[in-house]
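Keep the 3D view open as you read.

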Amino acid sequence: MYTKKTMQRYQILWADDEIDLLKPHIIFLTAKGYDITAVNSGNEAVEKCNEQNFDLVFLDENMPGMSGLETLAVIKTNKPSLPVVMITKSEEEHIMEEAIGSKIADYLIKPLNPSQILLSVKKILDNKKLVSEKTNQSYQQDFRNLSMQFNDRLSFAEWVEIYKKLVYWELEIDNTEQKSMKDVIDMQKSEANNNFCKFIVDNYEEWLNNPKVESPTLSHQLMKKKTFPLLENPEPVFFFLIDNLRFDQWKILEPIISEYFRVDEESTYYSILPTTTAYARNAIFSGLLPADMEKKHPEWWVHEEEEDGKNNNEFDFLKAQLQLNKLDIKSSYHKILNVNQGKTLVDNLPNLMANKLNVIVYNFVDMLSHARTDMAMIRELAADESAYRSLTLSWFMHSPLLELLKKLADKKVKVVITTDHGTIRVQRPFKIVGDKTTNTNLRYKAGKNLNMDNEKDVYVCRKPERLFLPKRNMSTAYVFTKGDHFFAYPNNYNYYVNYYKDTFQHGGISLEEVIIPYISLSPKG
């Protein structure tokens with residue numbers, strides 16, 4: 001025996017001074033499962049809205065006494081979130097503009113027909129449910145295809161497409177009402193990451209050492225391959241590097257940025273290992289791999305065990321790379337660490353326009369990931385990937401970065417938005433032992449005496465020179481975590497695990513850390 005689940009019956013208020021003529025439409029909607037309350041005037045509509053709750057209001061624009069627009073204003077003042085559909089015989093533009101400006105949900109023009117009305121109702125009241133059902137159904141159809149692809153011998157370009165597809169479904173599912181497929185997409189991303197990590201371990205060394213093998217654009221090749229060609233155009237180039245910006249975070253910023261810019265190129269590149277600021281970002285600006293940076297510019301390269309800042313010489317590295325590529329241009333470099341620095345840069349825009357290349361590093365997303373580790377409040381605000389994306393969007397909407405982009409949208413410029421590496425939410429601890437000179441990063445370790453029980457869940461490099469990594473001692477090795485693992489020392493193991501589990505980290509191997517966005521934009525104006 002079972003109880004049949006009853007469908008929700010929505011309550012609709014319909015205000016029209018010729019309501020009797022609309023009786024066939026009311027009967028039609030009632031048969032479709034909607035309860036209709038009919039009134040003849042704007043005053044009655046306001047009274048009914050104050051007396052009871054409605055899910056939707058149909059409002060005739062041309063009523064004697066209180067007009068539709070006047071009624072709309074009162075209803076919206078009392079109940080701002082109540083959706084209102086304006087109905088009118090007039091197609092006058094100013095009436096449409098005033099109604100739309102008052103945040104109506106839809107606009108219908110008489111004579112009405114039943115399918116037109118039903119479409120409007122479903123679009124407003126059933127939209128989320130219908131979209132959720134369609135999204136879940138479509139993802140289920142694509143699930144098997146994606147899982148089968150993981151087991152194929154994929155190229156670096158095919159892995160990019162798989163990651164983009166996974167991000168697409170993750171964002172689509174995140175927008176559904178119940179998020180009923182969230183666990184499924186999470187498991188599929190984990191499976192994809194396991195296979196991607198094997199792919200990186202199998203191919204990364206050869207990419208660096210065999211110039212004949214086909215390889216993705218890597219950090220140290222980014223400026224020469226993608227950005228320097230933009231300098232051939234007459235416009236100044238503004239190169240924004242937002243630290244820690246993952247591809248999914250770019251996708252939630254894209255609709256805002258697309259209001260002001262055309263996306264000329266939405267591509268990705270692969271971060272070098274370790275996927276950290278000290279290695280990957282320095283590689284971008286120097287055009288060199290870490291071992292070559294240490295060798296050619298020892299005055300700028302800072303080793304792991306040294307206490308100096310690892311990224312204090314980025315502009316020096318950039319100027320050296322420009323000189324090496326015979327680019328005699330005016331350039332600037334700015335690192336934005338707080339709101340005041342961002343506002344000062346906005347005010348300085350007229351001076352920046354005189355430079356051919358302006359590099360602007362924004363550290364907010366990186367600071368957010370570290371703050372999430374260190375602050376209980378941020379942990380609550382960014383409890384998972386969805387909340388992490390939401391917090392990123394909220395920052396961007398109120399940031400001097402968006403203000404600067406809006407100003408650039410009115411000028412003749414080229415804009416690049418990219419990052420140096422991504423980040424992943426870590427879940428599984430991995431025990432490792434190292435001496436006191438071992439670095440503190442949770443996703444990779446570099447040191448002399450690194451010991452672990454099981455190496456299958458990590459990538460161990462005992463010949464750093466093969467990965468073009470600095471080798472301070474004969475026994476120096478690098479160990480990289482894979483997927484969502486993070487390193488924990490046996491001493492205070494439980495404290496370590498409880499403190500760092502579910503935090504966003506970088507430095508290891510995962511789709512999120514390695515495959516990262518490179519976006520080229522032109523102002524729409």
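**A cavity and its surroundings**

The largest cavity has a volume of about 100 Å³. The structure holds one cavity of 30 Å³ or more. Keep in mind that this is a predicted model. Rolling a probe the size of a water molecule over the atoms shows where empty space is left.

What lines the largest cavity? Glu170, Ile173, Asp174, Lys179, Lys182, Ile185, Asp186, Asp384, Glu385, Ser386 and Arg389 do. By residue class, this lining divides into eight charged, two nonpolar and one polar. Helices α7, α8 (182-209) and α18 (385-397) each supply at least two of the lining residues.

Now step back to the whole chain. The protein chain has 525 residues, and 53% of them count as buried. It contains 21 helices and 18 strands. Its C-alpha trace spans about 90 × 70 × 45 Å along the principal axes. Take the contacts between residues at least 6 apart in sequence: 73% of these join residues at least 24 apart.

How far can the coordinates be trusted? The mean pLDDT of the chain is 90. Of its residues, 93% reach 70 or more. Residues 1-6 are another matter: pLDDT stays under 50 there. For this stretch the model has zero contacts beyond four places in sequence. Where pLDDT is low, the predicted coordinates should not be read in detail.

The largest nonpolar core has 101 residues. Which of them have the most contacts inside it? They are Trp159, Phe239 and Tyr270. Helix α7 (residues 156-174) gives this core its largest share, 10 residues. A second, separate core has 19 residues, including Leu22, Val85, Leu112 and Leu125.

Beyond four places in sequence, Trp159 touches Phe150, Leu154, Ala192, Asn195, Phe196, Phe199, Tyr270, Leu511 and Ile515. Tyr270 is among the core residues with the most contacts as well.

Phe150 sits in helix α6 (residues 127-150). Is Phe150 buried or exposed? Its relative accessible area is 2%, so Phe150 counts as buried. Leaving out residues up to four places away, Phe150 touches Trp159, Ile162, Leu166, Gln188, Glu191, Ala192 and Asn195. Also compare Phe150 with Asn193. The two are 43 residues apart in sequence, yet their C-alpha atoms are 9.2 Å apart in space.

Gln188, one of the contacts of Phe150, lies in helix α8. Gln188 has a relative accessible area of 1%, under the 20% limit, and is therefore buried. What does Gln188 contact beyond four places in sequence? Its partners there are Tyr139, Phe143, Leu146, Ser147, Phe150 and Leu166.

Begin with the cis peptide bonds. One joins Lys110 and Pro111, with omega about 0 degrees. Pro111 is in the loop between β5 (106-109) and α5 (114-125). Another joins Leu273 and Pro274, with omega about -10 degrees. Pro274 is in the loop between β7 (261-270) and α11 (277-286).

Then check phi. Asn244 is not a glycine, but its phi is positive, about 75 degrees. Where is Asn244? Its place is the loop between β6 (237-242) and α10 (247-257). Asn244 has a relative accessible area of 0%, so it is buried.

Phe468 also has a positive phi, near 55 degrees, and is a residue other than glycine. Phe468 is found in the loop between β14 (458-461) and β15 (477-481). Is Phe468 buried or partly exposed? Its relative accessibility is 21%, and Phe468 therefore counts as partly exposed. The cut-off for buried is under 20%.

How values were computed:
Residues numbered from 1 in each chain as written. Predicted model: local features only at pLDDT ≥ 70, side-chain atom pairs only at ≥ 80, totals over all residues. Heavy atoms only, no water. Core = buried A, V, L, I, M, F, W, Y, C linked by side-chain atoms within 4.5 Å. Buried < 20%, exposed > 50% of the residue type's maximum accessible area, 1.4 Å probe, protein only. Helix = DSSP H or I, 4+ residues; strand = E, 2+ residues; numbered from the N terminus. Contact = heavy atoms within 4.5 Å. pLDDT = per-residue confidence, 0-100. 1 Å grid on protein atoms, 1.4 Å probe; cavity = no way out; pocket = protein on both sides within 12 Å on 5 of 7 lines; lining within 4 Å. Points joined across faces, edges and corners; volume = space filled by probe spheres on them. Nonpolar A, V, L, I, M, F, W, Y, C, P; charged D, E, K, R; others polar.
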